[in-house]
Amino acid sequence: MELTLEQKIERLQDAQQIRNLMASFSYLQAAHEHGRVPGLFSNREDAYVDCEGMGMFEGADGIRRFLHDWQWSLDGDGKGSFNEHFLASEVLEVAGDGKTARGLWMAPGCETRKLNSTGKMTALWVWCRYAVDFIKSDEGWKIWHLRIPYDVVCDYHASWVEKDCKTLVNDIAYNSKPKADRPSGFVPALFSMEKTTDLFFTPPGPYDTEDDLTAAGFWMQ
Amino acid sequence: MELTLEQQADRLWDVWQLRNLIGKYQYLLTAHEHAQVYEMFSKRDDIYMDCEGMGILDGPPGVCKFFIDWHQHQDGDSMGQFNVKTITTDLIEVADDGLTAFALWKGPGYETRKKLDGSSEVLHLWGIPAIDFIKEDGEWKIWHLRLPHSILCDYHRSWVDLDDGRRVMGVDGELKQSGGKPKGDRPSGFRPNFYSQDIANELTFELPVPYRTYDELAQKGFWAVKTFTGDGEDAE
């Protein structure tokens, strides 16, 4: 699709608005503003969050269960519970028609969570990725599909090689765990000595319309 | 305010310039080029630097005190002194009139500082710069720089290990630099944000939103701190 100068400027504005939308997600999550995060998502029935180890949460109800209920379940009264991730290594493509977009970020960070095995708040390094589809609505750009694969989770004092990441994740305490609507749509990415690291999600390339997003193999390896 | 095509392109250009300005700020800080950092600020009298734990240092003398005097004091002869922060997660809004801008970043990083006993310590120090910018003679300048932090700990003890006051006593208290810390002209304009098991992290600054002019933004109380109930319900 050949774009006019006006369309190119519009696509650049779209990219900047999407960048700010993802940053809002990051700042609000870190500040325990879980009640505001679902508002960043599309209210379409086919919107979802797909988090490694949890599964896929669909529609407004599923998104709220994951981003509000589950986060509060991890946070308890919020005191000492800490979740600071940043956005890096952005690859972002807006469709030529300006109606959808697709982005990939690495999100290194740290968290403080209570562990069941010790009953204590514990400092963790947690690195994940965000593989995201966006859709333009009457209220501006919204998150449409958010996929969260994890790279590493480890204790401050023991590396991801010294302690198995999955064992550590399963030790994190919570009040109640929401049931996912469907199994996760991607292969687990979390580091393990028993597997290799691959691309997991293909960095997005230029595309024209929403139909191109559903082309086989665009995201998944 | 409906922007023309040229104005729309100008605002995108502004965002690019601001991103580069703060990238340059970080590289210069890392290289101990403190005088050049000071030059990145506006020449206005109402500039300030508001750093967590220090308060607000007002005007050109205050900003000079922070970026030149304080950083030179920390660095000494600069041998083995190390201050690397990164710039991530930018949320930038430029006014429609292109005269001001407001932005947030997350700035994770490391420092190496001398301890009282002469040895060196490696620190994790993550900041969350919240910055107002103003355009002067067509060039973007830093107007107000607020610097809350999320974590401070040494390499061997986590932010949880050093909680309950030991962060200050165990990190700040052991550092040679701490004696020369400048005193703010007035109290900080934001709540302390360092990690603590006794508090729930809150939104320190409201997120930048599109706006037309600085006056409009000031009326909205843009950077006002949000309240938080901490009982599982978010306050309005």
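This is a predicted model: local features need pLDDT of at least 70, side-chain atom pairs count only at pLDDT 80 or more; totals for chains, interfaces and linings use all residues.
The contact between the chains takes 34 residues from chain A and 30 residues from chain B. On the side of chain A that touches chain B, the elements giving two or more residues are α1 (5-30), β3 (82-85), β6 (109-114) and β7 (121-137) of chain A. Of these, α1(A) gives the most, with 11 residues. By residue class, this side of chain A divides into 15 nonpolar, 13 polar and six charged residues.

Helix α1(A) also has a defined position against strands of chain B. The helix lies across β4 and β5 (100-106) of chain B and runs at about 120° to β4(B). At 1.5 Å a residue, the 26 residues of α1(A) should span 38 Å, and the C-alpha atoms at its ends are 38 Å apart, so the two values agree.

The largest nonpolar core holds 101 residues, and B:Ala103 and B:Leu104 touch the most other members. The largest share of this core, nine residues, comes from β7(A). In soluble globular proteins, nonpolar side chains tend to be buried together. With neighbours within four places in sequence left aside, B:Ala103 is in contact with B:Leu18, B:Asp90, B:Leu91, B:Ile92, B:Ile131 and B:Pro208.

Chain B contains an open sheet of six strands in the order β2-β1-β9-β8-β5-β4, with mixed pairing. The edges are formed by β2 (55-58) and β4 (88-94) of chain B; each has a single partner strand, so one side of each is left without a neighbour in the sheet. Neighbouring strands of the sheet are turned by 25° against each other on average, direction ignored. Within the sheet, strand β8 (residues 130-136) of chain B and strand β9 (residues 139-147) of chain B run antiparallel and are joined by seven bridges. In this region B:Ala130 stands opposite B:Arg146 in β9(B).

Strand β6 (residues 109-114) of chain B pairs with strand β7 (residues 120-127) of chain B in the antiparallel sense, over five bridges. The bridge partner of B:Lys114 in β7(B) is B:Ser120. The two strands, β6(B) and β7(B), form a hairpin with five residues between them, and in the turn B:Gly118 has a positive phi of about 95°. Strand β7(B) is also joined by five bridges to strand β10 (residues 149-154) of chain B, and these two run antiparallel. Here B:Leu123 has B:Asp154 as its bridge partner in β10(B).

B:Leu57 is placed in strand β2 of chain B. Because 24 other C-beta atoms lie within 10 Å, where 20 or more are required, B:Leu57 is buried. Not counting residues up to four places away in sequence, B:Leu57 touches B:Tyr48, B:Met49, B:Gly62, B:Val63, B:Lys65, B:Phe66, B:Pro182, B:Gly184 and B:Asp185. B:Leu57 and B:Pro187 are 130 residues apart in sequence, while their C-alpha atoms are 9.1 Å apart in space.

In chain A, α1(A) is followed by A:His32, which is placed in the loop between α1 and β1 (48-51) of chain A. The phi of A:His32 is near 60°, a positive value in a residue other than glycine. A:His32 has 23 C-beta neighbours inside 10 Å and therefore counts as buried. The C-alpha atoms of A:His32 and A:Trp72 are separated by 8.1 Å, although the two residues are 40 residues apart along the chain.

In chain B, B:His32 is found in the loop between α1 (5-30) and α2 (34-39) of chain B. B:His32 is not a glycine, yet it has a positive phi of about 60°. With 17 C-beta neighbours inside 10 Å, B:His32 counts as partly exposed, whereas A:His32 counts as buried.

Definitions and conventions: Residues are numbered from 1 along each chain as its sequence is written. Chains are lettered from A and ligands numbered from 1 in the order in which they are written. Two residues are in contact if their C-beta atoms, placed from the backbone, lie within 7 Å. Helices (H or I, at least four residues) and strands (E, at least two) are DSSP runs, numbered from the N terminus. Ala, Val, Leu, Ile, Met, Phe, Trp, Tyr, Cys and Pro count as nonpolar, Asp, Glu, Lys and Arg as charged, and the others, Gly among them, as polar. A nonpolar core is a set of buried Ala, Val, Leu, Ile, Met, Phe, Trp, Tyr and Cys residues joined through C-beta atoms within 7 Å. A residue is buried if 20 or more other C-beta atoms lie within 10 Å of its own, exposed if 12 or fewer, and partly exposed in between; C-beta atoms are placed from the backbone. Two strands pair if DSSP finds at least two bridges between them. Axes are lines fitted to C-alpha atoms, for helices over the stretch in contact, and angles run from 0 to 180 degrees between N-to-C directions. The expected span of a helix is 1.5 Å times one less than its number of residues.
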